[in-house]
Amino acid sequence: MSPQHVPARAGYGPVDGEAAARANAAWWSEESAGYLAEHGEFLGPADFCWCPEGLRETDAHLLGPVGDLRGARVLEVGCGAAQCSRWLVGQGVDAVATDVAAGMLARGRELDAATGITVPTVLADARALPFADASFDAVFTAFGALPFVPDPNRVHREVVRVLRPGGRWVFSVSHPVRWAFPDDPTARGLRVTRSYFDRSPYVETDDAGRPLYAEYHRTLGDHVRDVVGAGLVLEDLVEPEWPTGNDNVWGGWGPERGALLPGTAIFVTRRP
């Protein structure tokens with residue numbers, strides 16, 4: 001963690017949403033190199049991983065069969081270093097990726113050079129996408145954008161706007177039940193310490209009380225209401241089980257707790 005992002009305080013409570021959104025963009029930019037150093041091998045430079053459980057799109061087909069995506073236009077929001085889009089481009093899919101963190105897109109250009117697969121990227125807030133109406137056949141994000149904004153309904157509305165009729169919007173987030181438990185992947189994390197219904201965001205602040213980082217909790221019902229309210233149809237809710245042989249520990253995710261509790265929720269939705 002860079003010195004300017006060492007928090008003076010961390011906990012749950014109110015935060016100015018727009019200030020926190022700006023802080024998150026700066027945080028992810030500054031932490032991009034460290035994030036890739038820690039998780040890059042597991043994610044792969046050009047692989048489509050939905051979650052710490054290791055569910056890959058090559059097996060899950062949540063966007064549809066790859067063959068059906070060739071010739072389609074696909075958008076990734078909150079792309080990080082665009083590993084998922086890079087995999088799609090490698091499969092012959094017309095993909096473009098956006099992120100609010102310039103540092104993450106810079107790491108993506110480094111992976112472009114390392115892999116020889118170039119992903120078109122755009123610096124953009126997922127709540128205000130710089131694309132024309134009905135310009136994509138599918139939109140997705142793997143743990144991007146939605147947990148880091150106070151108003152995810154704006155993201156859903158933007159996705160609906162840029163989706164063509166019949167297009168899919170697929171997003172993965174931390175499973176909401178995890179917010180009731182400590183961020184501990186071991187057996188010590190198997191105890192409820194917070195109300196599942198407490199929607200207070202997790203916030204890190206500096207000495208002056210300015211936000212450095214914020215993450216937001218939505219219950220399963222909140223997520224469903226958000227997508228339905230945006231005019232989307234919920235087609236599936238995937239809760240990946242922790243697979244045998246995955247010994248990766250990632251924050252609060254790991255095999256010990258993953259064997260008992262869900263860590264990820266993936267919502268598969270469609271614009272009618």
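S174 lies in strand 6 of this predicted model; helices (H or I, at least four residues) and strands (E, at least two) are DSSP runs, numbered from the N terminus. With a relative accessibility of 14%, S174 counts as buried, the term denoting under 20% relative accessible area, whereas exposed denotes over 50% and partly exposed the range in between (1.4 Å probe, protein chains only). Beyond its neighbours within four places in sequence, S174 is in contact (heavy atoms within 4.5 Å) with F143, E215, W253, G263 and A265. Residues are numbered from 1 along each chain as its sequence is written, and side-chain values use heavy atoms, with hydrogens and water left out. As the model is predicted, local features need pLDDT of at least 70 and side-chain atom pairs count only at pLDDT 80 or more, while totals for chains, interfaces and linings use all residues.

Strand 6 is joined to strand 5 by 6 bridges, and the two run parallel; strands are taken to pair if DSSP finds at least two bridges between them. Within this pairing, V139 stands opposite W169 of strand 6. The chain passes from strand 5 through helix 7 to strand 6 in a right-handed β-α-β crossover, meaning that, with the strands pointing away from the viewer, the path from the first strand over the helix to the second runs clockwise. Strand 5 also runs parallel to strand 2, to which 3 bridges join it, and here L75 stands opposite V139. Because 6 of its 7 residues are buried, strand 5 is largely enclosed by the rest of the structure.

L75, V139 and W169 are also the residues with the most contacts inside the largest nonpolar core, which has 24 residues. Such a core is a set of buried Ala, Val, Leu, Ile, Met, Phe, Trp, Tyr and Cys residues joined through side-chain atoms within 4.5 Å. Two or more residues are given to this core by each of strand 2 (73-77), strand 5 (136-142), helix 7 (152-162), strand 6 (163-174) and strand 10 (264-270). A second, separate core of 20 residues includes L63, V93, F140 and V268. Apart from neighbours within four places in sequence, V139 is in contact with L63, L75, V77, V159, V162, L163, R168, W169 and V170.

Helix 6 comprises 14 residues (residues 102-115), which should span 20 Å at 1.5 Å a residue, and its end C-alpha atoms are 20 Å apart, in agreement; the expected span is 1.5 Å times one less than the number of residues. Its buried residues are G103, M104, L105, A106, R107, G108, L111 and D112. These pack against helix 1 (17-30), helix 2 (32-43), helix 5 (83-90), strand 3 (94-99) and strand 4 (121-123). Helix 6 is followed by G116, whose phi is positive, near 75 degrees.

In the whole structure, 19 aromatic pairs are found. One of these, W27 with W28, is edge-to-face, at 4.8 Å centre to centre and 80 degrees between the planes. Rings of Phe, Tyr and Trp (its six-membered ring) pair if their centres lie within 6.5 Å, with planes under 30 degrees apart counted as stacked, over 60 as edge-to-face and the rest as tilted.
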